[in-house]
Amino acid sequence: MSLNKWINDRLPIDDFVDQHLRHYYAPKNLNFLYFFGSLAMLCLGIQILSGIWLLMYYEPTVETAFDSVEYLMRDIPFGWLLRYTHAAGASAFFVILYMHVYRALLYGSYRKPRELLWLLGLFLLILVMAESYTGYILPWGQMSYWAAKVIMNIFGSIPVIGPPLMHLIQGDYVISEATLQRFFAFHVVVFPMVLLGVVFIHLCALHTVGSNNPDGIEIKDNLDKDGIPVDGVPFHPYFTIKDIVAAVVFLIIFFAVIFYDPTFHGLILEKENFIPADPLVTPPEIKPTWYLAPYYAILRAVPDQLLGALAMLASLFIFAFMPWLDRAPVKSMRYKGTRSRVSLFLFVVSFLSLMVLGLLPATPTNTILARIATIVFFGFFLTLPYITVYDNHKTPPDRVRM
Amino acid sequence: MSSEDVDLKKRKFLSQATTAIGAVGVCGAAVPLISYLTPGREAQMSAKAVEVDIADMKEGEQRTVVWRGKPIWIVRRSVAQVDSLKKLDAQLSDPNSAIEQQPGYAQNAYRSIRPDILVLVGVCTHLGCAPTYRPEPQSIDETWPGGFFCSCHGSKFDMAGRVYKGVPAPTNLEVPPYHFLNEDTIVVGKDRA
């Protein structure tokens, strides 16, 4: 054990493990919704690993991008597996992140003292969106090209600064080689690097304030004589074991999709993206990826181009105000009143409706439905200060319930 | 649960069983990741055998073709060059080609199937430079009978690619697998089927 001591005298590995695993106390009543944080990290790991492997054959030029992806899928051993893992990994990442956000909304995990944790999480969500968008263009298929073009034109619609901003991002007057190569740089270096850094800060913030729990009461308010939360259990081994079970279940579902339905009926990879990009022919239907569809539906629902773009941006950034919009005396939905519950239910329905509508063609009926859903979506946030004050909340217990 | 109730034996078994299954999973995941790094079909295609027409080669002429990205030399040796091989044994480190640097059918005095046609991988066995064909006698030193000279570190090889004593290269130049399709066509990269 002298080597162990030699290292620990110079690098406090044991102290770190003690502080953040063996003597980091998490509420004992955490349920399955608390799996999604560690699963998100697993997804990030899968994306980084499969991404590095894809990088070994991918060539980011207009001439070669599409062919190099097809080549590695057909002619490199298990290339198809790596490519499908990376593509399905993006979708899995968003399923998990959306569940993670839903958990926070349900149990009030954004409330004091976790406001900064929430804001860092929102920043991470937006970073993952940027990562998926820049990654989506790289295979240089029809959908890659035209989806990139549509999103670029959203930037271009901003008055005055729009067109120069669009040209700055694209590096050209159209989507071209320059765009592909800078998106490549952002996708494989800039965003992942920032992402890892912010994940670390997100975890630092989490370990400072501690996990919330389904009862929404602070376990740190109830300490035993040694200063340990009465309702807390050490993260290791209790939650490491629990998270491993979650990881195994997740991997079974994840690889079942990859092996049996890797494009998932066009939700993970559209048919059109197996056709090389053609700047002269637009595919009959341009669809966003499912995880960006709700915001795209909001964009289309607003009749004015500029207001639509602003509404789309607002639909993301409005989450930042959650900690201050919710004024309920309790955190968890378990003890919130009926109005709060109905409100969150309607919000979830509106989000899912927008997701479906964003993937459907904009028929007159769909547009009206999308407008209703958009109003409900923003209504959730705007009515929150009133609903949470004028509601029949219950009194939470002193100790967590199992 | 008090500590007396803990069945430590069962706990140890479960921990070890879980770790073992986890290790199996990691090994399984490593299979596609490592297979992915092995040569793909494009690399396999370039490893395919190449046919070379030698009908127009004159005596003493050397020609280079590419197989697996490596230079392959074909030399039509003159009678004088073939004769020079017999007198050199004392100066060579492996005159009888005992070290496996050639297929069985080239393990002879000429290191070739036909005495007049020499086929070699043109990569120095020292550090991988490409030696040059120097057939003119006395062009490297007074006793030079003609052969291959590696200018990187001065390794010398005779007209059969056999390495001289006292040079950095440890072994004879490699002979690739090859066969004659007919009198004038060599297939490099494949033994006779």
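Two strands pair if DSSP finds at least two bridges between them, and strands themselves are DSSP runs of at least two residues (E), just as helices are runs of at least four (H or I), both numbered from the N terminus. Everything here is a predicted model, where local features need pLDDT of at least 70, side-chain atom pairs count only at pLDDT 80 or more, and totals for chains, interfaces and linings use all residues. Residues count from 1 along each chain as its sequence is written, while chains are lettered from A and ligands numbered from 1 in the order in which they are written.

**View 1. Strands 5 and 6 of chain B lie antiparallel.** Here, 3 bridges link strand 5 (residues 132–134) to strand 6 (residues 147–150). Look for B:Tyr133, which sits opposite B:Phe148 of strand 6.

**View 2. Strands 6 and 7 of chain B make a hairpin.** Strand 7 (residues 155–157) pairs with strand 6 in the antiparallel sense, again through 3 bridges. B:Phe148 turns up here too, with B:Phe157 in strand 7 as its bridge partner. Between the two strands there are 4 residues, and B:Gly154 in the turn has a positive phi of about 75 degrees.

**View 3. Chain A touches chain B.** On each side, 8 residues are in contact (C-beta atoms, placed from the backbone, within 7 Å). Helix 5 (residues 79–107) of chain A gives the most to chain A's side, with 3 residues. That side has 6 nonpolar, 1 polar and 1 charged residues (Ala, Val, Leu, Ile, Met, Phe, Trp, Tyr, Cys and Pro count as nonpolar, Asp, Glu, Lys and Arg as charged, and the others, Gly among them, as polar).

Notes
Two residues are in contact if their C-beta atoms, placed from the backbone, lie within 7 Å.
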